[in-house]
Amino acid sequence: MRSAFAAALSVLVAGLFAASPSWAQRRAEPGNFDYYVLSLSWTPTYCARDKNGPDPDQCGDRKYGFVVHGLWPQYNDGSYPATCTRDRNLPKTVVDQTMPVMPSVGLMMHEWRKHGTCSGLNATDYFAKLRAAAAKLAIPEPLKAPGPTVPATQVERLFLEANPGLSAEGVAVICSRRDVSEVRICLNKDLGFVACGQKVVDRCRDRDAALSAEVAPAQPRRSTPLPTAPALPPAPAPVNAPAR
């Protein structure tokens, strides 16, 4: 995948000829988007770094590797539609069918509300599409389960080798500090591999970043208090000071 610097430069150049595009999420008509991003979460990093604490479904006794985090409608300009309808209905049959690839009920509900409602599909069809996307992508053999540490620079190569037709412009590796946390694959609406649009780029700045089975929890930053100056003795009152 192209570097974040190169992608940022192209965005800057494009910005000179466009009027203030939005890179954030925005409301839109369901089904009106350019392509999908299939997000795969690396479970050891997710479970160690989730701000809400480990998900009991995904982070229990079973040791998952890559699981589907979401199938996101995306625009070529880097923005994306979000929460396009108020539909909150998620049938139990859909949950049961999707658990093998997305082992978290809470995550399914979140992804349906935020991303699935923008797909133009109902919940049953959206999650069927999500499962089809997961089935289309081959997880490289060395990455199917937590095991030996793999340098982040090798993760993309392994995905390319395992998936004929996938190009370097169609995959992005994301890191949380020095640990691989996610791999994003870009797909058209028929789930064919395509080049990613703007803002979907590699985000692993540390050259020693790696995909590992053992991930240390993030440590909260400690703010070092500034040293306090010693208290000075009170100044003596002036002699014959005038009354106020």
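These notebook entries record what I looked up in a predicted model of one protein chain.

**Entry 1. Overall layout**

I began with the secondary structure. The protein chain comes to 6 helices and 8 strands. I then read the elements along the sequence and noted the pattern α-β-β-α-β-β-α-α-α-β-α-β-β-β. The chain has 244 residues, and buried residues make up 40% of them. I also looked up how far apart in sequence the contacting residues lie. Among contacts between residues at least 6 apart in sequence, 77% join residues at least 24 apart.

**Entry 2. The largest pocket**

How much space lies in the largest pocket? I noted a value of about 830 Å³. The lining of this pocket consists of 30 residues, and those closest to the centre are Ser39, His69, Trp72, Glu182 and Arg184. I next listed the elements that give two or more residues to the lining: strands E2 (35-42), E3 (66-74), E6 (171-176) and E7 (179-187), together with helices H2 (43-49) and H4 (105-114). H4 supplies the largest share of the lining, with 4 residues. Sorted by class, the lining has 11 polar, 10 charged and 9 nonpolar residues.

**Entry 3. The nonpolar cores**

I turned to the largest nonpolar core, which has 41 residues. Which of its members touch the most other members? I recorded Leu38, Phe66, Phe127, Leu143, Val155, Phe159 and Ile185. At least two residues of this core come from each of E2, E3, E6 and E7, and likewise from each of the helices H3 (92-98), H4, H5 (123-136) and H6 (152-162). H5 gives the most to the core, namely 6 residues. Apart from this core lies another one, of 8 residues, including Val37, Ala172, Ile174 and Val200.

I then examined Phe66 by itself. Leaving out residues up to four places away in sequence, I found that Phe66 touches Leu40, Ser41, Trp42, Ile139, Leu143, Phe159, Val183 and Leu211. Two of these partners, Leu143 and Phe159, I had already written down among the core members that touch the most others.

**Entry 4. Salt bridges within helices**

A search of the whole structure gave 7 salt bridges. I looked at some of them in turn.

The side chains of Lys92 and Asp96 form a salt bridge, with the closest N and O atoms 2.8 Å apart. Both residues lie in helix H3, 4 residues apart, which is about one turn of the helix. Is Lys92 buried or exposed? Lys92 counts as exposed because its relative accessibility is 61%, and the cut-off for exposed is over 50%. Asp96, at 43%, is partly exposed.

Arg157 and Glu161 form another salt bridge, and their closest N and O atoms are 2.7 Å apart. Both belong to helix H6 and are 4 residues apart, again about one turn of the helix. I noted a relative accessible area of 52% for Glu161, so Glu161 is exposed. Arg157 has 36% relative accessibility and therefore counts as partly exposed.

**Entry 5. A salt bridge between loops**

Where do the partners Asp208 and Arg178 lie? Asp208 is in the loop between E7 and strand E8 (210-211), whereas Arg178 is in the loop between E6 and E7. The two residues are 30 apart, and the pair links distant parts of the chain. Their side chains meet in a salt bridge of 3.7 Å, N to O. Asp208 is exposed, because its relative accessible area is 51%. Arg178 has a value of 46%, so Arg178 is partly exposed. I also recorded that salt bridges with shared partners join Arg178, Asp206 and Asp208 into one network.

**Entry 6. Asn76 and its contacts**

Which residues is Asn76 in contact with, leaving aside its neighbours within four places in sequence? I found Asp34, Tyr35, Gly197 and Gln198. For Gly197 I compared sequence with space: Asn76 and Gly197 are 121 residues apart in sequence, while their C-alpha atoms are 4.3 Å apart.

Conventions. Residues are numbered from 1 along each chain as its sequence is written. This is a predicted model: local features need pLDDT of at least 70, side-chain atom pairs count only at pLDDT 80 or more; totals for chains, interfaces and linings use all residues. Side-chain values use heavy atoms; hydrogens and water are left out. On a 1 Å grid over the protein atoms alone, a cavity is a set of points where a 1.4 Å probe fits but cannot get out, and a pocket is an open set with protein on both sides within 12 Å along at least five of seven lines; lining residues have an atom within 4 Å of a point. Grid points are joined across faces, edges and corners, and a volume is the space filled by probe spheres set on the points. Ala, Val, Leu, Ile, Met, Phe, Trp, Tyr, Cys and Pro count as nonpolar, Asp, Glu, Lys and Arg as charged, and the others, Gly among them, as polar. A nonpolar core is a set of buried Ala, Val, Leu, Ile, Met, Phe, Trp, Tyr and Cys residues joined through side-chain atoms within 4.5 Å. Buried means under 20% relative accessible area, exposed over 50%, partly exposed in between (1.4 Å probe, protein chains only). Contact means heavy atoms within 4.5 Å. A salt bridge is a side-chain nitrogen of Lys or Arg within 4 Å of a carboxyl oxygen of Asp or Glu.
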